[in-house]
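Please open the structure in a viewer and keep the selection panel at hand.

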Amino acid sequence: TGTQRCPQSVHLWQAWAVYEDSRGHSERARELFQEALTLDPQNPYVCHAFGLYYKKMGEVSRAAELFASALTTHSTAALVCSLGELLISQGKLSETRDLYSRHLEKLTKEKDRIEVYLASAWLEE
């Protein structure tokens with residue numbers, strides 16, 4: 001009903017996709033995430049949720065692409081840390097350091113900066 005009444009609401013499409021995924025309806029979730037991306041291809045919330053979906057499905061490179069795509073226009077701690085985690089799992093430590101450094105200055109909320117500082121400290125440990 002919500003997407004029928006508000007078909008341009010990227011957040012409704014994303015929420016529906018997350019709901020379907022939580023119920024084990026992976027293909028339907030993928031379709032709904034795609035619909036959300038059609039509305040806003042670099043939406044940080046959609047790219048993050050869809051990236052987590054792909055990571056869970058074992059499509060790590062696709063997850064990384066979505067995280068990186070959103071980061072070209074929106075720096076969020078969730079995106080930075082999720083991409084950093086993927087890079088670390090691939091042994092790309094230098095690239096992860098660069099990612100954290102590059103986005104720390106772009107984050108406007110103290111909470112987000114703290115989250116990335118913690119991820120950076122974890123990397124160094």
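Begin by selecting α2 and α4, where α2 passes α4 in a left-handed crossing (the near helix is turned anticlockwise from the far one by less than a right angle). Helices here are DSSP runs of H or I, at least four residues, numbered from the N terminus. The model is a predicted one, in which local features need pLDDT of at least 70 and side-chain atom pairs pLDDT 80 or more, whereas totals for chains, interfaces and linings use all residues. Residues are numbered from 1 along each chain, and side-chain values use heavy atoms, without hydrogens and water.

V10, H11, Q14, V18 and D21 of α2 meet Y45, V46, A49, Y53 and K56 of α4, contact being heavy atoms within 4.5 Å. Six of these residues are nonpolar, two polar and two charged; Ala, Val, Leu, Ile, Met, Phe, Trp, Tyr, Cys and Pro count as nonpolar, Asp, Glu, Lys and Arg as charged, and the others, Gly among them, as polar.

Now select F33, F50, L83, L99, Y100 and V116, which have the most contacts inside the largest nonpolar core, a set of 35 residues. Such a core consists of buried Ala, Val, Leu, Ile, Met, Phe, Trp, Tyr and Cys residues joined through side-chain atoms within 4.5 Å. Helix α6 supplies the largest share of this core, eight residues. Centre on F50: beyond four places in sequence, F50 touches R30, F33, Q34, L37 and L66.

Finally, select G84 in helix α6. G84 is buried, at 0% relative accessible area (buried means under 20%, with a 1.4 Å probe and protein chains only).

Note on methods
Buried means under 20% relative accessible area, exposed over 50%, partly exposed in between (1.4 Å probe, protein chains only). Helices (H or I, at least four residues) and strands (E, at least two) are DSSP runs, numbered from the N terminus.
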